[in-house]
Amino acid sequence: MRWSVAIVSLGVVLGCAAGCKQSDGPLFPINPGGPNNPGGGDDGVDARAGSDASLDVMSGRVCLIVDARQPDTCATTGAGGLNVTLDGSTSTTQPDGTFEIDVPHSSNIAWEVNGTNIMTSVMSYSAVHQIPVIGQADYYDLANSNSVVATPGQGDVFVHVTHQGASVAMVTATAVPAAEFPPLYDGNAPTTWTQVSTAASGMVWIPGIAQGAASVTLTPPTGTPTVVSAIPIGDGTLTWVSAELP
């Protein structure tokens with residue numbers, strides 16, 4: 001993983017301060033499994049064309065978070081000046097993380113957000129465009145607290161597991177290719193994660209996956225496992241996925 005400041009961009013040490021709000025439901029839905037259903041997702045801000053005057057522009061939001069267990073709790077300020085890239089187009093965020101960008105014309109593409117003092121975030125493109133990002137300081141606290149050490153050429157995946165829009169507990173996960181570190185699951189504090197199964201937040205964190213494409217199998221306490229495929233993994237990046245279980 002590249003954890004240098006050159007990877008990322010925000011310009012200030014990030015914090016959720018007084019201006020956080022909780023959105024309704026998961027932020028980055030995807031369609032799990034299969035070559036036509038890439039494994040990242042986006043949500044929160046609807047991806048409709050921006051305005052009648054410019055039907056080739058759409059709006060979105062970068063969601064600045066401080067707790068990886070809550071990827072849909074966005075700061076209302078402090079997310080300005082971040083670089084958003086999609087299908088060769090670029091944009092810069094406003095202080096609340098909102099942006100406008102050209103409507104893409106390719107398939108199997110992914111968002112990338114980078115800037116000063118944040119970890120670079122990656123998320124596959126789909127119908128709703130809200131991309132979580134976390135500050136370097138907050139991520140390093142999380143990694144150090146869970147004995148995760150950076151390795152060049154690897155990235156992390158965070159998966160929010162839901163069913164009918166609600167977070168799902170007691171789910172376990174495996175990744176292909178296998179990660180350097182075991183899967184971790186949301187615990188009772190922002191930096192306290194476990195190796196047991198998802199808890200109330202329904203979050204899976206798999207650090208240390210080789211860059212390229214990965215798949216994650218999610219196994220609920222009852223029912224059939226769900227496979228999320230074609231998850232993009234970058235060098236030193238965090239990939240955000242939301243998976244809806246049947």
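A residue counts as buried under 20% relative accessible area, as exposed over 50% and as partly exposed in between, with a 1.4 Å probe and protein chains only. The exercises below use this scale on a predicted model, in which local features need pLDDT of at least 70, side-chain atom pairs count only at pLDDT 80 or more, and totals for chains, interfaces and linings use all residues. Residues are numbered from 1 along each chain as its sequence is written, and side-chain values use heavy atoms, with hydrogens and water left out.

**Exercise 1. The disulfide**

Find which residues the disulfide joins, and decide whether Cys74 is buried or exposed.

Step 1. A disulfide is a pair of cysteine sulfur atoms within 2.5 Å. The structure holds one: Cys63 is joined to Cys74, S to S 2.0 Å.

Step 2. The angle about the S-S bond is -105°, and the link of Cys63 and Cys74 is left-handed.

Step 3. Helices (H or I, at least four residues) and strands (E, at least two) are DSSP runs, numbered from the N terminus. Cys63 lies in strand β4 (residues 54–65) and Cys74 in strand β5 (residues 73–75), so the link joins distant parts of the chain, eleven residues apart.

Step 4. Cys74 has 2% relative accessibility and therefore counts as buried. Cys63, at 0%, is buried too.

**Exercise 2. Pairing of strand β15**

Determine which strands β15 is joined to, and by how many bridges.

Step 1. Two strands pair if DSSP finds at least two bridges between them.

Step 2. Three bridges join β15 to strand β16 (residues 192–194), and the two run antiparallel. Tyr185 has Thr194 of β16 as its bridge partner. With two residues between them, β15 and β16 form a hairpin.

Step 3. Two bridges join β15 (residues 184–189) to strand β17 (residues 203–210), again antiparallel. Here Leu184 is the bridge partner of Trp205.

**Exercise 3. Aromatic pairs**

Classify the pair of Tyr139 and Trp205 and the pair of Phe158 and Trp240.

Step 1. Rings of Phe, Tyr and Trp (its six-membered ring) pair if their centres lie within 6.5 Å; planes under 30 degrees apart count as stacked, over 60 as edge-to-face and the rest as tilted. The count comes to eight aromatic pairs.

Step 2. Tyr139 and Trp205 are 6.3 Å apart centre to centre with 75° between the planes, an edge-to-face pair. Tyr139 lies in helix α1 (residues 136–145) and Trp205 in β17, so this pair ties together parts 66 residues apart in sequence. Tyr139 is buried at 0% relative accessible area, and Trp205 is buried at 0%.

Step 3. Phe158 and Trp240 are stacked, at 4.6 Å centre to centre and 15° between the planes. Phe158 is in strand β12 (residues 154–163) and Trp240 in strand β20 (residues 238–244), 82 residues apart. Both residues are buried.

Step 4. Tyr139, Tyr140, Phe158, Trp193, Trp205 and Trp240 form one aromatic cluster.

**Exercise 4. The buried side of α1**

List the buried residues of α1 and state what covers them.

Step 1. The buried residues are Gln136, Tyr139, Leu142 and Ala143. Seen down the axis of α1, they fall within an arc of 125°, so they line one face of the helix. The arc is that of the directions from the helix axis to the C-beta atoms.

Step 2. Contact means heavy atoms within 4.5 Å. The cover includes β11 (130–134), β12, β16, β17 and β20.
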